[in-house]
Amino acid sequence: MTITLHDFDGEYSLTLSVGDLVADAAVLATGHEPSGYFWEGLVQFAWPDIAERLDFDSEGGMFCALGSSSDLAQLRAALETVISSPSAVREIVARAETSGFEFDD
């Protein structure tokens, strides 16, 4: 599991390769596909204040967020606790579905 923060001449991105995460089984158990699109939705639901300041360029096998280094560092800290915690994923998905949020996975 690696979350990588990239700096390309002052433009920052945060990427996460998906498919081999500790939380993948929990994602599948909730009826979702553990893809970059799923994680993008989870970020948009769980941390909307950060997500609204970011752009996303996720794919099936990779989550990708673009933004300021400080916003991405904040997101990285939040994601690190969730991608290694199946119970945190289940809790966020349950809250999202209760609120009517739809994941695009």
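Predicted model: local features only at pLDDT ≥ 70, side-chain atom pairs only at ≥ 80, totals over all residues.

Residues are numbered from 1 along each chain as its sequence is written, and side-chain values use heavy atoms, with hydrogens and water left out.

First, the fold. The protein chain has five helices and four strands. By helix I mean a DSSP run of H or I of at least four residues, and by strand a run of E of at least two, numbered from the N terminus. The order along the sequence is β-β-α-α-α-β-β-α-α. The radius of gyration is 13 Å, close to the 13 Å from the globule rule for 105 residues, so the chain is as compact as a globular protein of that length. That radius is taken over C-alpha atoms, and the rule is 2.2 Å times the number of residues to the power 0.38. Along the principal axes, the C-alpha trace spans about 40 × 25 × 20 Å.

Of the 105 residues, 43% count as buried. Buried means under 20% relative accessible area, exposed means over 50%, and partly exposed is in between, with a 1.4 Å probe and protein chains only. The chain exposes about 5400 Å², of which carbon and sulfur atoms supply 47%; these areas come from the Shrake-Rupley method with a 1.4 Å probe, and for residues only the protein chains shown count as cover. Contact means heavy atoms within 4.5 Å. Among contacts between residues at least 6 apart in sequence, 57% join residues at least 24 apart.

Now helix α2, which runs over 36–46. Nine of its eleven residues are buried, so α2 is largely enclosed by the rest of the structure. Among them are Phe-38, Trp-39, Leu-42 and Phe-45, and also Glu-40. What do the buried residues of α2 pack against? They pack against α1, α3, β3, β4, α4 and α5.

On to the charges. The chain has 4 positive and 19 negative charges, and their mean positions are 11 Å apart. Here Lys and Arg count as positive and Asp and Glu as negative, with His and the chain ends not counted. The place of a charge is NZ of Lys, CZ of Arg, CG of Asp or CD of Glu.

How many salt bridges does a search of the whole structure find? It finds three, a salt bridge being a side-chain nitrogen of Lys or Arg within 4 Å of a carboxyl oxygen of Asp or Glu.

One of them joins Arg-53 and Asp-71, at 3.0 Å from N to O. This pair links distant parts of the chain: Arg-53 is in the loop between α3 and β3, and Asp-71 is in helix α4, 18 residues apart. Arg-53 is partly exposed, at 41% relative accessible area, whereas Asp-71 is buried, at 11%.

Another is between Glu-80 and Arg-76, at 3.2 Å. These two are four residues apart in helix α4, so about one helical turn separates them. Glu-80 is partly exposed at 35%, and Arg-76 is partly exposed at 29%.

Then there is Arg-95 with Glu-91, where the closest N and O atoms are 2.5 Å apart. Arg-95 and Glu-91 are also four residues apart, in helix α5. An α-helix has 3.6 residues a turn, so residues three or four places apart point the same way. Arg-95 is partly exposed at 41%, as is Glu-91 at 39%.

Asp-24, in helix α1, is buried yet has no salt bridge. The nearest side chain of opposite charge is Arg-90, 12 Å away. Beyond four places in sequence, Asp-24 touches Gly-19 and Pro-34.

Last, two loop residues. Ser-35 lies between α1 and α2 and is buried, at 6% relative accessibility.

Leu-54 is in the loop between α3 and β3, and is buried at 7%. With neighbours within four places in sequence left aside, the contacts of Leu-54 include Leu-66, Leu-72 and Leu-75, and also Asp-71, the residue that bridges to Arg-53.
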